[in-house]
Amino acid sequence: MYEVIEAVEYVPKPNDMGTSKWVLIKAENGITYQIKFNEEAVAHNTYEFIGNFIGKSIEVPVPNGIFLQIPDFLLTKCEEDLNFTIDRSKVIANIFFGIEWIYGQVQFNDIELLLEELQNTMNYEEFPSIFPYDQYLRNYDRHIDNHLIIKTDKKQQFYYSIDSDKIFGCFPMADILTEKEVFDCFGNPAYKPLYDSIDDKIFKIILIYSNKIEALKEEELNMLDEYLTDFYGIDLKSRKSIKEFLNFRKTNFSEKCISNQSCYENIKRPILIGG
């Protein structure tokens, strides 16, 4: 599912692109990737990988990802750019997860403009997938800068969901089970206009993706566990916590989404559980 490839070149990133500490690295395949590094007690890179893996598994429009083996001299350059020491203890052999950097990004400073433009994207019906995806992983970092709209040469636009480094309720890996049974609406003010953009028709799409979460197979979660072992060396206790979190939350997940219809104030005819 994910390749390992050698990183070869540091790429200066555009100014004013997001607030997270990240860098751009070109790989030997000629493609540039965005990498977020782990800091002490903050597993940005690990969580970014888990979010991408789950997103791909349930067909959320997330960018393609890859594992990059980054030489020491490039990591040193990254540390200079980011002005902090990269925690290399949480990865194996300098291998970090990165997502493909996509050119042609359209910038928005206003959430209403973003929501209006979303409807012009060629994959707009995939946009509602972010709601069950965020709820399943308890992704607290959903704001205007982590919706990506790409304008291609053919003037077509495509939507991507990005940034999953604050999943599990932002808890460190040792404490993620604190959030295991939480299914509340997100109180983040940035989420309110997103909730309000959902009507009865779009909510039905949300339920389709909720069913995909419920249908996640044990083999898929076992594959995730293997990646976490092979590339991050995560201890057995933490891996068990991740699996417990994901297995518990996917059980009857569609019912949880139906129970949360009050989050979406523009739903006029609520669906009944079992109806």
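1. Two strands count as paired if DSSP finds at least two bridges between them. Keep that in mind for this predicted model, where strand S6 is joined to strand S7 (residues 147-151) by two bridges, with the strands running antiparallel.

2. Now step back to the whole sheet. It's an open one made of three strands, in the order S6-S7-S8, and the pairing is antiparallel.

3. H3 (residues 111-118) lies across S7 and S8, and runs at about 55 degrees to S7.

4. Next, a pair of helices. How do H1 and H7 cross? The axes of H1 (residues 44-57) and H7 (residues 218-232) come within 11 Å and cross at roughly 155 degrees. Angles over 145 degrees count as roughly antiparallel, so that is the label for H1 and H7. Their crossing is right-handed.

5. Which residues do the touching? On the H1 side, they include Phe49, Ile50, Phe53 and Ile54, along with Asn45, Thr46 and Ser57. On the H7 side, look for Glu220, Leu221, Met223, Leu224, Tyr227, Leu228 and Tyr232. Sorted by type, the residues of this H1 and H7 contact come out as ten nonpolar, three polar and one charged.

Notes
Residues are numbered from 1 along each chain as its sequence is written. This is a predicted model: local features need pLDDT of at least 70, side-chain atom pairs count only at pLDDT 80 or more; totals for chains, interfaces and linings use all residues. Side-chain values use heavy atoms; hydrogens and water are left out. Axes are lines fitted to C-alpha atoms, for helices over the stretch in contact, and angles run from 0 to 180 degrees between N-to-C directions. Helices (H or I, at least four residues) and strands (E, at least two) are DSSP runs, numbered from the N terminus. Angles under 35 degrees count as roughly parallel, over 145 as roughly antiparallel, 65 to 115 as roughly perpendicular and the rest as oblique. A crossing is left-handed if the near helix is turned anticlockwise from the far one by less than a right angle, and right-handed if clockwise. Contact means heavy atoms within 4.5 Å. Ala, Val, Leu, Ile, Met, Phe, Trp, Tyr, Cys and Pro count as nonpolar, Asp, Glu, Lys and Arg as charged, and the others, Gly among them, as polar.
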